[in-house]
Amino acid sequence: MYDRPYKDMRSFYQVAGIHGLPYEPYDRVIGVHEYNSSGWVKDRWGGYCHHGDSMFITWHRPFMLLFESILVNEAKKIALQYNDDEKEKYVEAAKQLRHPYWDWADEKAIEGVPEIFLIPEIEINTPNGRKKVKNPLKSYTLPVDLSHPLEKGHNPWDKPHFIVPTSVPFTPAGYPTIRYPNDNYEDQNDILNASLSVYVSTVFRPGLYQMFHLSEYLPFSTIGTEQSEGTSVPPPPSVFFESAHFASIETTHDAFHLVSGGLGGHLSHATTAAFDPLFFFHHVNVDRLFALWQEVFPNSWVSQNIDALGTYTEEINATIDENTDLTPFRKTKTEFWKSSDIRYIEKLGYTYPQVMMFKGQDPKNLQAYLLKLYKPDPYYGLRFFAKLTIKESKLVGPYSVRVFVNLKNATAQTPITSPHFAGLVAMWHNINHFHAINNICVMETVDITAAMKQLGIRIEIHNYTQEVNNVTDLLNSTTIFDIENNITIVPVLLNGKGISLKDAGVNKVEVISFEHDKVNPNFLEENTGQYYDAKNF
Ligand SMILES: [Cu+2]
């Protein structure tokens, strides 16, 4: 796929280029071309991919399938090039090949990104014998200049030093994709692994743990929750507003993008993310999590929503539902795949190991398995959450909103390895090249229980399941939180600079606690939550 001419539809460049840059038609599916040398004409997202709406999770499914089917076809062709004594083995392997996923919430991910994504060279058995080759999973070299006009022709290895870009990553032709670039345009894998290790326990595992409790499609699938003004979309299910909006698959996915790319890294920006080969291992994992969630909640499915950001082919604020075309993925010459077509993975001819393990069983068994697998910390009778409402951000470029417990003077310089750091909400989607997109509202929730535990804040005064009948009394008797003193919200740009709550669009923070009812694992959605305190900014 790397070696094909870049205009070939089966080249890595063309397929990866569906997601964001170069904002050009794939498979003759014409969109708006509102990006020119002077920048964006309109505040509309220029790639085909959906973010911040209910098609985020369904759009990426045919995207992964397209990539995988091309990859497998290449493998089948390469297999035929081996000598007769090896050919059969490779032909068989190519038949079995599927794009792997990397589970970044697995406990093993605390040790960092698997080495296969980091080493510069690998030795493989080619049809012409064993060879050392440039590792295709470490980076991809852009064949086309996609750089900002000011960067054109610039060589990042030139002196004076390349300056790590604070917005769109460096993307001239002939240079590899990169993660956490330093001033010499080299990957900083130590920073990548150290950051990832913190995220696994503070963001990924708590995020998935919350997600596998959410039975409603919208809160599960996306960060965007509030309708934009002037649209006529019916209100979402009542549970959507009445209960807190817990971590969606999208917000956890967003956090992975930020932490894997870092400042100046291609994965950190929707415009360039798909050019890093790690993107596909990440998104196949996201698809797997989607498939598992579908098995747990088989009756939940795409509901009507609005596309607040727009795409290359979709107007801003277009009404979308399960019958909206997943462009540019063609089902036939005249029809596109729709979310309703990709609902059942078995009908598409694939599955995942954990889906198979629990086939035919009560979905609660799979849910219990997943909750155990991603449990962020030992069982507590109560869990505490900081729920953030973020809207009208003034920022161009990704940032994160960090939550600290009992550290009133926390700043952007406070390391995330601090025991006071509870977790964060990643803001990944709110960008175009040059304009902030403000018509999105994010409500996401950070689990602060583990940080409280680490700080020695008493979470349970009794083993309440046995001894305390009235949880409200319990909560009222322990004044754990007032937000003013106990919770500090710190928005931080990718370059580590702090920004004001106002610029970051942080409108509100609420602290909520829930009792975890073992009998009914859907505790997040039932109104058992205690609102402790709320603060508007
Ligand atoms: Cu993504």
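## Copper site

Histidine 253 and histidine 257 lie 4 residues apart in helix α7 (residues 249-261), so about one helical turn separates them. Both histidine 253 and histidine 257 are buried in this predicted model.

The ion is coordinated through NE2 of His253, NE2 of His257 and NE2 of His283. The distances run from 1.9 to 2.1 Å. In sequence, the spacing of the donor residues reads H-x3-H-x25-H.

## Sheet β11-β10-β13

Three strands form an open sheet in the order β11-β10-β13, with antiparallel pairing. The edge positions belong to β11 and β13 (487-493). Each has a single partner strand, so one side of each lacks a neighbour in the sheet. From one strand to the next, the twist averages 20 degrees.

Strand β10 (residues 399-405) and β11 run antiparallel and are joined by 6 bridges. Two of the residue pairs can be named. Arginine 402 has leucine 424 of β11 as its bridge partner. Valine 403 is partnered by glycine 423, also in β11. Strand β11 has 7 of its 7 residues buried, so the rest of the structure largely encloses it.

## Largest pocket

The largest pocket has a volume of about 1,500 Å³. Its lining counts 42 residues. Nearest the centre of this pocket are Met1, Leu71, Ile78, Ile124 and Pro136.

Several elements each supply at least two residues of this lining: α1 (12-16), α2 (56-79), α3 (84-96), β3 (121-126), β4 (129-134) and α8 (278-296). Helix α2 gives the most to the lining of the largest pocket, with 7 residues. By class, the lining of the largest pocket divides into 28 nonpolar, 8 polar and 6 charged residues.

## Second largest pocket

The second largest pocket holds about 500 Å³ of space. It is lined by 25 residues, and those closest to its centre are Tyr180, Ile191, Ser195, Arg402 and Leu494. Arg402 is the residue whose bridge partner in β11 is leucine 424.

Two or more lining residues of the second largest pocket come from each of α4, α7, β10 and β13. Helix α4 provides the largest share of this lining, 5 residues. The lining of the second largest pocket has 15 nonpolar, 9 polar and 1 charged residues.

Of its 17 lining residues, Val203, Ala247, Leu424, Thr445 and Val446 are the closest to the centre.

The elements giving two or more residues to the lining of the second largest cavity are α4 (189-211), α7, β11 (421-427) and β12 (441-447). The largest share of this cavity lining comes from α4, with 5 residues. By class, the lining of the second largest cavity has 8 nonpolar, 7 polar and 2 charged residues.

Helix α7 carries histidine 253 and histidine 257. It gives two or more residues to the lining of the second largest pocket, and likewise to that of the second largest cavity. Helix α4 gives 5 residues to the lining of that pocket and 5 to the lining of that cavity.

How values were computed. Residues numbered from 1 in each chain as written. Predicted model: local features only at pLDDT ≥ 70, side-chain atom pairs only at ≥ 80, totals over all residues. Heavy atoms only, no water. Donors = N, O, S within 2.8 Å, 3.2 Å for Na, K, Ca; no water. Buried < 20%, exposed > 50% of the residue type's maximum accessible area, 1.4 Å probe, protein only. 1 Å grid on protein atoms, 1.4 Å probe; cavity = no way out; pocket = protein on both sides within 12 Å on 5 of 7 lines; lining within 4 Å. Nonpolar A, V, L, I, M, F, W, Y, C, P; charged D, E, K, R; others polar. Pairing = 2+ DSSP bridges. Axes fitted to C-alpha atoms, helices over the stretch in contact; angles between N-to-C directions. Points joined across faces, edges and corners; volume = space filled by probe spheres on them.
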